[in-house]
Amino acid sequence: MRLFPALLFPALLLAACGQTSVKAPAEYRLSGTLGGDWGSSPRLRLALVGTGFPVAVSTNSSIAQNVVESGAGTWTYGFELPNTPLPNVAGVYQVVAFNDANNDARPNIGETVARNRQWLIYSPVSTTTQPVTIPDFLPGENEGLPALTVSAGWNLYDRAQGLSATNPRAVQKITGYDISR
């Protein structure tokens with residue numbers, strides 16, 4: 001009987017050490033380029049930042065990703081959008097890039113951060129959302145969202161474009177989610 005635990009331990013150890021494989025940026029559910037001035041030798045990472053409803057603020061930089069230097073101050077990246085960011089919770093998110101200067105895999109105050117104007121909206125059902133307003137007392141850009149018609153799953157809303165039949169749109173894979181400083 002003592003042989004069984006001795007055989008089980010190496011199997012458990014190998015299972016605990018298992019990692020997901022790193023893919024080429026274009027193979028992830030979300031991909032794009034990073035550009036601009038990030039300083040010398042940046043440690044670029046990505047994080048899914050947003051809020052679920054009713055209230056579930058989230059910053060997740062532990063999601064599978066790959067950032068590859070392309071040269072001349074540009075990088076290509078891939079980021080694996082989760083199937084559901086929070087179980088059965090609607091939410092509004094952005095993928096942000098940051099220079100992980102202290103190498104702790106979390107965006108911290110003082111680290112360089114960039115985002116774009118494309119919002120990722122997750123909904124467990126197809127619906128029309130209520131408008132979202134940002135209170136004036138909060139710092140930064142007070143970008144709210146108008147009422148939006150979204151499909152179940154991930155949707156992409158580009159604030160640089162007007163509302164239309166294709167903005168927002170349901171997405172399975174997103175390319176060209178470019179972020180620059």
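This is a predicted model: local features need pLDDT of at least 70, side-chain atom pairs count only at pLDDT 80 or more; totals for chains, interfaces and linings use all residues.
Me: Let's start with terms: buried means under 20% relative accessible area, exposed means over 50%, and partly exposed is in between, with a 1.4 Å probe and protein chains only. So does A47 count as buried or exposed?

Reply: A47 counts as buried, at 0% relative accessibility. Residues are numbered from 1 along each chain as its sequence is written, and side-chain values use heavy atoms, with hydrogens and water left out.

Me: Thanks! Where does A47 lie?

Reply: In strand β2. Strands here are DSSP runs of E with at least two residues, and helices are runs of H or I with at least four; both are numbered from the N terminus.

Me: And what does A47 touch?

Reply: Taking contact as heavy atoms within 4.5 Å, and not counting residues up to four places away in sequence, A47 touches T59, N60, S61, F79, Q94, V95, V96, F98 and P107. Q94 is 47 residues away along the chain, yet the C-alpha atoms of A47 and Q94 are separated by 8.2 Å.

Me: OK, on to the core. Which residues touch the most other members of the largest one?

Reply: L30, L48, F79, L120 and Y177, out of 23 residues. A nonpolar core here is a set of buried Ala, Val, Leu, Ile, Met, Phe, Trp, Tyr and Cys residues joined through side-chain atoms within 4.5 Å.

Me: Which strands supply at least two residues each?

Reply: β1, β2 (44-52), β5, β6, β8 and β11 each do that. There is also a second, separate core of seven residues, which includes W119, I121, V150 and Y157.

Me: What is L120 in touch with?

Reply: Leaving out residues up to four places away in sequence, its partners include L30, L48, Y93, W154, N155 and Y177.

Me: Nice. How many aromatic pairs does the structure hold?

Reply: Two. Rings of Phe, Tyr and Trp (its six-membered ring) pair if their centres lie within 6.5 Å; planes under 30 degrees apart are stacked, over 60 edge-to-face, and the rest tilted. Y93 and W154 are edge-to-face, at 5.9 Å centre to centre with 65 degrees between the planes. Y93 is in strand β6 and W154 in strand β11, 61 residues apart.

Me: And why is the pair of Y122 and W154 edge-to-face?

Reply: Because the planes are at 65 degrees, with the ring centres 5.4 Å apart. Y122 lies in strand β8 (residues 118-123) and W154 in β11, so this pair ties together parts that are 32 residues apart in sequence. Y93, Y122 and W154 form one aromatic cluster.

Me: What about charges over rings, say K23 and R181?

Reply: The charged end of K23 sits over the ring of Y28, 4.7 Å from its centre, and R181 lies over the face of W38, 5.6 Å from the ring centre. The rule is NZ of Lys or CZ of Arg within 6 Å of the ring centre and within 35 degrees of the ring normal.

Me: Switching to sheets: what is the order of the four strands in the open sheet?

Reply: β4-β5-β1-β13, with mixed pairing; strands pair if DSSP finds at least two bridges between them. β4 and β13 (179-180) stand at the edges with a single partner strand each, so one side of each lacks a neighbour in the sheet. β1 (residues 30-35) and β13 pair in the parallel sense over two bridges, and L34 stands opposite I179 in β13.
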